Amino acid sequence: MYVAVKGGERAIDNAHAWLAEERRGDLAVAELTLGQIREQLRLSVNRVMAEGSLYDPDLAALAIKQARGDLIEAIFLIRAYRTTLPRLGGSWPVDTAEMAIDRRISATFKDLPGGQILGPTFDYTHRLLDFRLAADGEAPVPAATATPSPDAVPHVMGLLDRDGLIEPAPVTDGTPRDLTRAPLELPADRALRLQAITRADEGFLLSLAYSTQRGYGRTHAFVGELRIGTVAVEVDIPELGFSVAIGEVELTECETVNQFTGSATQPPQFTRGYGLVFGQSERKAIAMSLVDRALRWQELGEDFVGAPAQDEEFVLSHCDNVQATGFLEHIKLPHYVDFQAELELLRRLRHDTQRMASQQNAEAAE
Amino acid sequence: MTPAALTGGFADAPLQSAQAFRSILQAMARPGTIHDLTGALPPPPLSVAAGVALLTLADPSTPVHLAGATDTPAVRGWLAFHLGAPLVGAEEADFALGTWADLQPVSRFRIGQPDYPDRSATLIVAVDHLEPEGVRLCGPGIRGAAQLSLPGIPALQANAAMFPLGFDCLFTCGTRIAALPRSTRLEVL
Amino acid sequence: MTDTAYNFAYLDEQTKRMLRRAILKAIAVPGYQVPFASREMPMPYGWGTGGVQVTAACLCPDDRLKVIDQGADDTTNAVSIRKFFQRTAGVATTERTAEATVIQTRHRIPEAPLTEDQILVYQVPIPEPLRFLEPRETETRKMHELEEYGLMHVKLYEDIARHGHIATSYAYPVKVEGRYVMDPSPIPKFDNPKLSDCPAIQLFGAGREQRIYALPPYTQVVSLDFEDHPFVASRAQHDCDLCGADGSYLDEVIIDDLGGRMFVCSDTDFCTTRRELGHIGRLGAPMTDEVA
């Protein structure tokens, strides 16, 4: 006597309990605190904030802990949380020219007003495992300190802009469409594309940007400026009639100088690519600016060469790792109804083919 | 804003709006059927049903047009407090309120675009009389045929002829509501 | 018990209003896919987020919810979604099709005829019926606008030329009221005839793809076909081995490693109800309390 499988509910409860146990791991090892994650796994926290589209280091740390370090799972936790939050208002655009700078480099000028500031970077470290960290580490040597200049550090692109050497980027007052409140509509404008790719999967964006460097939609990018630091976020308070700073966020901004355009009537100019990401997320910001530039082929009068990074619909439809991972993994769900339909169809088609073949054989034999 | 503007909304928005939506859904999915819609007390000339429909569907993201006698300071104040919906001209409205006469000419309202027929207005029409009698309706949502007392039949027939473009209508009378989506064909008996 | 940390049916009121507006427009233009600003839900995209959002927008406290996946109430994802609404909306749930007021489904239409008092909510993975013929949304939108459905007919006809049959066994495309070609979600084509002239409201939600579409009650829905190759709903070669039903959709279950197999109703409530009424199939046994 066959009894159909039952007990889905108990199986789920047991799986969740086992998951919780696995998350905690060996009880002899101290449990991670959110503070440890927030302070010592800060780049993971930054990635979760950027792709989760929510600036909250404590929540990101919680998500990483709960997700057992699976960053895409943590990003998903943050997204699912943020979508339930009421929208109280919008901030003014942040002014990155007023950024309190931790790091700022330009690859296009040897020296420039405001200077090159290396900041806390892996760039010139030798990638040698540091076994002192394994031996419960010792307190690092404190970094040398310098008094930060109170002056705002001007954007490199502004210097090029003043001479008309780069395409102008006029300020507009328009309110951009909001990707999280309105369905993605194609074709998208640049503001919408930038929204989509700033929360796009870092790996996907990295590979797309890399493909442009290898010739699939090449744009000859130079890093005009990369800056990391904190900026104030201001919102209007209608009751007060003016705006107030409600906090500050750490941002990475990358502006690239790209191959020029021009025509018989227009003198040649460099073009721009732009990346802006929460936290210290340098790789992502650079990749974003390359992909942004590649996606701008139409407005700059370039040819579509069929490169993936040029294809707005391809990039925007596939860049979100929460969507991608959900749909990829849903094929784990039962599909036995559709599979059964395919199985029956295949059997019938095979039956027809075999019958025809045997008929032909019989006719040939006659 | 008068104190009256602050009253007359839902007492328990999540539950009341859920129940109200189910009535509106049934009305829209079964043209010709009449449903009760209660739970709010908007200022006159808005009917209870019109007020409940607005509370259920409209918010700061949906521009609303107040036609004719509907456009009073009391109604404006109530909408501003409970919905926060921007008030606009007929051509930009997602929702428009008024009597059938107030809403003329209805050709002003958005009928959607050929590639996005959903981007169309919903008219919330106040009627004095709402009964399952009169013009014959057929189409999706209707088993065989239905009847509904409707104003402006030629204009509604012209609207249906544009399908899949067209506006959609909710007809309100006191605490009752019926609907006419653009997919319904009208025949005068 | 409702989890009071969240709003009724989980979603905030503004999100529900957005969903409700989209559902009404979907009802007004049957078969047309209305774009909506799908939210991240606490379950992954592709696992029923569209259906869950549509259900959340429709649920009332006095509803009785049934959730099925592959026709069964006890598949893990159906259990998970049912628990979600028990927790966030506090609604009653049931496994009985006849007792349900809202049914959320993945891949099946229940065998028992639906009634005017019911709403059937489908989870949809890829709402665009033309997607596998034309990957670009900008193109398929134009094709719907212009009613350019020739490509779909060409594809179906190529099947006939190659295999002698239309080689689409599930997610079989339909035309709604003579206008829009629609994907009925990955239901087996066995279920297609139940789409048409159905007394219940049918709503389709695709969360990741941000689309909602609908079939009002008694809408005319025709499966695409050709005069010389009319649509035929698939029919099983067997009776259910548990309840003996001869017209239901069957799952094939492998019962040993020697090729032994049995066929059982995919609709578990339909099968149980029949067995309770005393119907016994080839391998079935009379219902007793311990089996039930």
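Select C:F84 to begin: at 13% relative accessibility this residue counts as buried, because the word applies under 20% relative accessible area, with exposed meaning over 50% and partly exposed in between (1.4 Å probe, protein chains only). This is a predicted model, in which local features need pLDDT of at least 70 and side-chain atom pairs count only at pLDDT 80 or more, whereas totals for chains, interfaces and linings use all residues. Residues are numbered from 1 along each chain as its sequence is written, chains are lettered from A and ligands numbered from 1 in the order in which they are written, and side-chain values use heavy atoms, with hydrogens and water left out.

The rings of C:F84 and C:F85 form an edge-to-face pair, with 5.2 Å from centre to centre and 70 degrees between the planes; rings of Phe, Tyr and Trp (its six-membered ring) pair if their centres lie within 6.5 Å, and planes under 30 degrees apart count as stacked, over 60 as edge-to-face and the rest as tilted.

Next, go to C:S169, in the loop between α5 (150-163) and β6 (174-176) of chain C, where helices (H or I, at least four residues) and strands (E, at least two) are DSSP runs, numbered from the N terminus. C:S169 is buried at a relative accessible area of 5%. Its side chain makes a polar contact of 2.4 Å with the side chain of A:E342, the term being a pair of N or O atoms within 3.5 Å, of which, within protein, one must be able to donate a hydrogen and the other to accept it, while residues adjacent in sequence count only if both atoms are side-chain atoms.

Now show chains A and C together: 45 residues of chain A are in contact (heavy atoms within 4.5 Å) with 63 residues of chain C. Across this interface the rule finds five salt bridges, each a side-chain nitrogen of Lys or Arg within 4 Å of a carboxyl oxygen of Asp or Glu. To see a salt bridge, select A:R199 and C:E40, whose side chains meet at 3.4 Å, N to O. On the side of chain A that touches chain C, the elements that give two or more residues are α1 (8-24), α5 (71-82), α12 (321-329) and α13 (336-365) of chain A, and α13(A) gives the largest share, 12 residues.

Finish in chain B with helix α2 (residues 48-57), which is mostly covered, 10 of its 10 residues being buried.
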